[in-house]
Number of protein chains: 2
Amino acid sequence: MTTAMNDQPLTRTTVDGEHLWQRLMALAVIGATPKGGCNRQALTELDREGRALLTQWCEAEGLRVRTDAIGNLFARRAGRQSDADPVVIGSHIDTQPTGGKYDGCFGVLAALEVIRTLNALDIETERPIELVAWTNEEGCRFAPCMMGAGVFTGKLSLEAARGRTDGDGITVGEALDAIGQVGRDADCPRRFAGYLEAHIEQGPILEDEEKTIGVVTGALGLKWFDVTITGMEAHAGPTPMHLRRDALLGATRVVEAVNRIGGAHGPDGRGTVGAFQVSPNSRNVIPGQVTLSVDLRHRDVETLASMVSEFQNTLAAIERDTGLETQVTPTADYPPQFFDAGCIDAVRRGAEAHECAYREIVSGAGHDAVYISDVAPAGMIFIPCENGISHNESEYAAPKHVTAGANVLLHATLELAGKAT
Amino acid sequence: MTTAMNDQPLTRTTVDGEHLWQRLMALAVIGATPKGGCNRQALTELDREGRALLTQWCEAEGLRVRTDAIGNLFARRAGRQSDADPVVIGSHIDTQPTGGKYDGCFGVLAALEVIRTLNALDIETERPIELVAWTNEEGCRFAPCMMGAGVFTGKLSLEAARGRTDGDGITVGEALDAIGQVGRDADCPRRFAGYLEAHIEQGPILEDEEKTIGVVTGALGLKWFDVTITGMEAHAGPTPMHLRRDALLGATRVVEAVNRIGGAHGPDGRGTVGAFQVSPNSRNVIPGQVTLSVDLRHRDVETLASMVSEFQNTLAAIERDTGLETQVTPTADYPPQFFDAGCIDAVRRGAEAHECAYREIVSGAGHDAVYISDVAPAGMIFIPCENGISHNESEYAAPKHVTAGANVLLHATLELAGKAT
């Protein structure tokens, strides 16, 4: 692989931040919501419009745009070595129903701005560069999320993905056909020399520590469980405290334990009870049953396993102490992911070159890059988002952070693709 | 007032328990549910049928049946002193939608069996005895509960009660007219020499302590609150534990405190969180808001006030410790009620005369007798119900306890009404 070795320091190559910002705002017009967010769900007519605008911008930069069979959109800038595996940069442009302007779009438009900068400065790379916009990352109209990256990496078959339906019974296949985004896998890259994805953090860590760049080293592993706690429904008035079997009181011990377990394995431990239903949910009836979800995450697989043990011990202790019955069902299990050391280093050097305050960070959420890292060297660049909020119309990233993230992406892309001399 | 003083010991006067049991089963046929319960809600066609059967049985005993303006049904057995205020005995025959055979019906049919026994043994009383079946005690079709007793005692105006609607928009007035149960208050007793109500306990205390009779000394006071805990909704993955404001974690402290407060003021303290809603209630989102109900009860008014203070201190501590916001709204407030000493003693002597294992007990639930005790000397007799379960098709009281409760009612009624010599 060619490395960047020429007389022009990479630090002098910077993107046009204002132009990138304007394009973020322009793309967000398609599906704009009254509260300033964006509703442009996957494979809708608005997604078609978004893809058309992106395609137009890509073609204006001389890129060759294609889609593969699941609609992942690629836009190629040739390299000096035309047969070399490309460096792929991008993210997704579909949004949540009450989504923002930055989640996904930032990564795709930063990639486009990187390419535009290379064009403007007439910089040739050894390897081709492919911009990518993955299909249906959000998974809100059609489950599962990260569908395009899932099909690309073989985690989901094309046939299974095309058969998934939305709430109206429309299949992914029908929706893809309707927006004319079905292409041929053979026309798109199947092997990547590297994959880089810039993204808003979707969490509060960078903002809290006043960092501009998160050098993402991997993704937390995740274990999900459904728990049912069963006690005895009874009248709140006539039933004295010592004769109760209150399922809600037992469930509070689970909530506390899950939070304690998350906190005891910091800073990368997470423990969350998000879904929680009480039955019969009546003011003067002692709850007879509670169902709740448990979400445990950690970057280290052994630690995650011991967090699960601690959680299971808590359930056993509740049964022993209270006479309540507990039932637990695992519902999801993803191991921790580690990004490629070369990609991580390229991102770090980009942050250093642009004198950005940065820290290493582990992604707590799923991203296309997490899937791609199974089949190619991958890395991610995080920038702060206000109050850590995303999947929300009020999602916001500051222009200076958007620019910084794109500059780091430019630096790392050039390092991976190799500046031709 | 005449007291029971003659040569025949009262203990020798007993009801026909088997006949009472058969009538309980016969009444339960009207509205019988597949699971062995009864659905005979107030002022329905089934309620009309139940009232008709009761009326027929009362008239067969020579009683004069009338209803008042809100449909409370009275059946009079004359006393030697025809102008004396009557001793009133009974309960209600309406049920919950998934109700049982015993709640209410036991008290009314025990009263009828008491009268039948007096007739069979040709025992005359000084005071008249009135059987009563109060209208709409359950409050499930039309709120509020204890409607007939509430109108009788002036807690609710007749006009307001008649204006209440069910889920189909039918008013109490329309429903009362439809089943032909509107009578004249002037035809019914307005002043009671005493009121006695036999009822299943609806709690587990008597069963747990192997007692046959609960000598009810009053009813717990009750304070209800609605609480809202507000934190910050955020993604479960990217948000580290120390930067969270998890409303559910705060709410668990309320649940624990309310239960602890109930237990710390035993045996008559109660603390219950029955209703509990989490928002947005999604598996991988940290809960941003929880709304919950708090129900605190005690027999002593000062203790109840200090329980409320402890609960409010807990909310203040949560705000101080966690940065969560709490909001609390009082929604109901009933002071403790104390039954009449004479009625309590009459019930106790009845239990002793029949050699029943008994204990004093405070009612945790509302009953018609609790309202009546504001305007007349009142008392209650509890019998055990299996596992403390009521408002449930599986509600069950053992025949021996049904018989014992009716015998105690007979004894106490004779004591209050005075056996004529």
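Predicted model: local features only at pLDDT ≥ 70, side-chain atom pairs only at ≥ 80, totals over all residues.
The contact between the chains draws 51 residues from chain B and 50 residues from chain A. On the side of chain B that touches chain A, the elements giving two or more residues include helix 7 (205-208), strand 8 (234-235) and helix 8 (247-264), and among them are also strand 9 (270-272), strand 10 (276-279), strand 11 (285-286) and strand 12 (289-298). Helix 8 of chain B provides the largest share of this side, with eight residues. When the residues on the side of chain B that touches chain A are sorted by class, 22 are nonpolar, 21 are polar and eight are charged.

Chain A is divided into domain 1, which comprises residues 10-219 and 336-417, and domain 2, which comprises residues 221-334. The C-alpha centres of these two domains of chain A lie 37 Å apart. Across the boundary, four residues of domain 1 of chain A are in contact with nine residues of domain 2 of chain A, and the residues on the domain 1 side of this contact divide into two nonpolar, two polar and no charged.

Arg299(A) is placed in the loop between strand 12 (289-298) and helix 9 (301-322) of chain A. This arginine counts as buried because 22 C-beta neighbours lie inside 10 Å, the cut-off for a buried residue being 20 or more. Leaving aside residues up to four places away in sequence, Arg299(A) touches Gly218(A), Leu220(A), Asp268(A), Pro336(A) and Val362(A). From Thr67(A), by contrast, Arg299(A) is separated by 232 residues in sequence and, C-alpha to C-alpha, by 34 Å in space.

Several loops of chain A carry particular backbone features. The peptide bond from Ala143(A) to Pro144(A) is cis, with omega near 0°, and Pro144(A) is found in the loop between strand 4 (129-134) and helix 4 (147-152) of chain A. Met146(A) also lies in the loop between strand 4 and helix 4 of chain A; Met146(A) has a positive phi of about 55° although it is not a glycine, and it is buried, with 25 other C-beta atoms within 10 Å. A cis peptide bond likewise joins Ser279(A) and Pro280(A), with omega about 5°, and here Pro280(A) is situated in the loop between strand 10 (276-279) and strand 11 (285-286) of chain A. A positive phi, of about 65°, is found at Leu43(A), which is not a glycine either. Leu43(A) is located in the loop between helix 1 (17-28) and helix 2 (45-60) of chain A and counts as buried, since 27 C-beta neighbours lie inside 10 Å.

The largest nonpolar core has 244 residues, and those with the most contacts inside it are Leu131(A), Leu409(A), Leu131(B) and Leu409(B). In soluble globular proteins, nonpolar side chains tend to be buried together. Apart from residues up to four places away in sequence, Leu409(B) touches Ile89(B), Ala110(B), Ala111(B), Val114(B), Leu196(B), Ala198(B) and Ile381(B).

Strand 5 of chain B pairs in the parallel sense with strand 3 (residues 87-92) of chain B over three bridges, with Val88(B) standing opposite Tyr195(B). Strand 5 of chain B also pairs in the parallel sense with strand 16 (residues 378-383) of chain B, over six bridges, and in strand 16 the bridge partner of Glu197(B) is Met380(B).

Methods. Residues numbered from 1 in each chain as written. Chains lettered and ligands numbered in written order. Contact = placed C-beta atoms within 7 Å. Helix = DSSP H or I, 4+ residues; strand = E, 2+ residues; numbered from the N terminus. Nonpolar A, V, L, I, M, F, W, Y, C, P; charged D, E, K, R; others polar. Core = buried A, V, L, I, M, F, W, Y, C linked by C-beta atoms within 7 Å. Buried ≥ 20, exposed ≤ 12 C-beta atoms within 10 Å, placed from the backbone. Domains from an automatic or database assignment. Pairing = 2+ DSSP bridges.
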